[in-house]
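Dear colleague,

I am passing on the structure we spoke of, with the sequence alongside, and my notes on what was found follow below. Please read them with the structure open.

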Amino acid sequence: MSADCLFCKIVAGKIPATKVHDDALCLGFLDISPQAPLHALFVPKRHLATVGDATTEDRELLGHLMFAATKVAREKGVLDSGFRLVMNANRDGGQTVFHVHLHLLAGRPLTWPPG
Ligand code: AMP
Ligand code: ZN
């Protein structure tokens, strides 16, 4: 746990969030500022600031986030209509919270390329 990290505080239950997924490795919760009818974030329970800090030991963890997000997409009924999984990294990627998180966006047609 990183003491001043927002998502570590959510993982620790110190800041409330609406959970959509919870397992030993990751937590999924609704984004506070949804950009689509379904917008959830999937974070590792262990602090990792940005995907560029991941080591080979984090390979399964990163894949696990995708599986968890896809499971929720299935549960929410958007698997066939479609969804987007996004991980922003550092300044140009638009990362604002420095604890790795995978966005799940769905429920409306999403444009490409993103802004
Ligand atoms: P990013 O720009 O990729 O770093 O995404 C950070 C996301 O965290 C944004 O979509 C925010 O709306 C979201 N966010 C910030 N604070 C909270 C919070 N307390 N609970 C849930 N989501 C949050
Ligand atoms: Zn953290």
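In this predicted model, helix H1 gives the largest share of the shell around ligand 1, with 3 residues. The elements that contribute two or more residues to that shell are helix H1 (6-11) and strand S2 (26-30). By class, the shell is made up of 8 nonpolar, 7 polar and 1 charged residues, and of the 16 residues around ligand 1, those that come nearest are Asp 31, Asn 88, Thr 96, His 101 and His 103.

A nitrogen atom of ligand 1 is 3.2 Å from a polar backbone atom of Ile 32, while an oxygen atom of ligand 1 is 2.9 Å from a polar backbone atom of Gly 94, and a backbone N or O atom of Val 97 lies 3.0 Å from an oxygen atom of the ligand. Taken alone, ligand 1 exposes 500 Å², of which the protein buries 83%.

Most residues other than glycine have a negative phi, and most peptide bonds are trans. The peptide bond from Trp 112 to Pro 113 is cis, with omega near 0 degrees, and Pro 113 lies in the segment after strand S5 (102-106).

With best regards

Methods: Residues are numbered from 1 along each chain as its sequence is written. Chains are lettered from A and ligands numbered from 1 in the order in which they are written. This is a predicted model: local features need pLDDT of at least 70, side-chain atom pairs count only at pLDDT 80 or more; totals for chains, interfaces and linings use all residues. Side-chain values use heavy atoms; hydrogens and water are left out. A residue is near a molecule or strand if one of its heavy atoms lies within 4 Å of it. A polar contact is a pair of N or O atoms within 3.5 Å; within protein, one must be able to donate a hydrogen and the other to accept it, and residues adjacent in sequence count only if both atoms are side-chain atoms. Accessible areas come from the Shrake-Rupley method with a 1.4 Å probe; for residues, only the protein chains shown count as cover. Helices (H or I, at least four residues) and strands (E, at least two) are DSSP runs, numbered from the N terminus. Ala, Val, Leu, Ile, Met, Phe, Trp, Tyr, Cys and Pro count as nonpolar, Asp, Glu, Lys and Arg as charged, and the others, Gly among them, as polar.
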